[in-house]
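Thank you all for coming; I would like to take you through one structure this morning. Please keep the sequence and the picture in view while I talk.

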Amino acid sequence: MSELDPNFEHNPRASRLTSRSSYLGGGVEAPPAVNDSSSSSIPNSQAYHNLENEKDLPHLLPTTIWTRFVDRYRFGKLILVGAGMFGVIAVMLIVLGTLDVLRNRTYRSTLGISVGGTKYEGDSWGTVSAGHFDMGGKGDGTYYDPGVGILACGTSYTAQDMVLALNYIDYGEYANPNESPVCGACIKVTGPLGTAEATIQDKCPGCGQGSLDLSPAVFDQVGDFNEGRIPVSWEPC
């Protein structure tokens, strides 16, 4: 074994090159050289999707008549929602009509359908002035809760009090409704089931001439709540 030169510096890369040269010199194919460079042609990150071109991509879901409608009209979604709600209400009314629910007096009274229309012939007569009340009439009799707030005559009552609202025609038009001479007048109301005395404390804007809107306490004495609307007549107490 030959003695190594102490000044000789070992170079692995040079050794590999020498080995490669020996392969070439000996007629043997040398193995491929290894690239020691740390650089790589593959980028560290790559965008897989370009959002700017998203609109150019084909639709993933098939279009329907509803999606085409929404795309065509500016308020397409609102129109579809409104049409859907209208359809639901229409179906409900058809079902209720088929079952004759709206013809049932109990349901009509509960829903308040009986209020707001004139069913019986209405009329009134007599005169009224400050301190003098001599009026009578006939028409529809309905009921309501007078305890919801201050009444037209400036008073406050509950459903258990014997009070009523006179139709707007016989009540009269005043800048201050408290000044109507009918306020506080006592009348005797007669209905299908009896007669009761009550005082006028309110005005009924939706009642026809001669009609009365009674408190539940008064209505209970002259009619049936299941009827909702009854014929009544009235005169001074």
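Predicted model: local features only at pLDDT ≥ 70, side-chain atom pairs only at ≥ 80, totals over all residues.

A salt bridge here is a side-chain nitrogen of Lys or Arg within 4 Å of a carboxyl oxygen of Asp or Glu, and accessible areas come from the Shrake-Rupley method with a 1.4 Å probe, with only the protein chains shown counting as cover for residues.

Residues are numbered from 1 along each chain as its sequence is written, and side-chain values use heavy atoms, with hydrogens and water left out.

Tyr-73 is partly exposed, with a relative accessible area of 37%, where buried means under 20%, exposed means over 50%, and partly exposed is in between (1.4 Å probe, protein chains only).

Now for the chain overall. It has six helices and seven strands, and read from the N terminus these elements run α-α-α-α-β-β-β-α-β-β-β-α-β. The chain has 237 residues, of which 25% count as buried, and its accessible surface comes to about 17000 Å², with 57% of that belonging to carbon and sulfur atoms. If we take the contacts (heavy atoms within 4.5 Å) with a separation of 6 or more, residues 24 or more positions apart account for 65% of them.

Leaving aside neighbours within four places in sequence, Gly-137 is in contact with Asp-123, Ser-124, Trp-125, Gly-210, Ser-233 and Trp-234.

Let us turn to the aromatic rings. Rings of Phe, Tyr and Trp (its six-membered ring) pair if their centres lie within 6.5 Å, and planes under 30 degrees apart count as stacked, over 60 as edge-to-face and the rest as tilted. By this rule there are three aromatic pairs. Tyr-143 and Phe-225 form one that is edge-to-face, at 5.0 Å centre to centre and with 85° between the planes. This pair links distant parts of the chain, since Tyr-143 is in strand 2 and Phe-225 is in the loop between helix 6 (216–222) and strand 7 (230–236), 82 residues apart. Phe-225 also pairs with Phe-219, and because their planes are at 35°, with centres 5.2 Å apart, that pair is tilted. Tyr-143, Phe-219 and Phe-225 form one aromatic cluster, in which Phe-219 is buried at 0% relative accessibility, whereas Phe-225 is partly exposed at 28%.

My last topic is the disulfides. A disulfide is a covalent bond between the sulfur atoms of two cysteines. With the cut-off that the sulfur atoms lie within 2.5 Å, the count comes to three.

How far apart are the sulfur atoms of Cys-153 and Cys-183? They are 2.1 Å apart, and the torsion about the S-S bond is about -85°, so this disulfide is left-handed. Cys-153 lies in the loop between strand 2 and strand 3 (163–167) and Cys-183 in the loop between helix 5 and strand 4, so the pair ties together parts that are 30 residues apart in sequence.

A second disulfide joins Cys-186 to Cys-237, S to S 2.0 Å, and links strand 4 with the segment after strand 7, 51 residues apart. Finally, Cys-204 is joined to Cys-207, also by a disulfide, and this one is right-handed because its torsion is about 70°; both of these cysteines are buried.

Methods:
Helix = DSSP H or I, 4+ residues; strand = E, 2+ residues; numbered from the N terminus.
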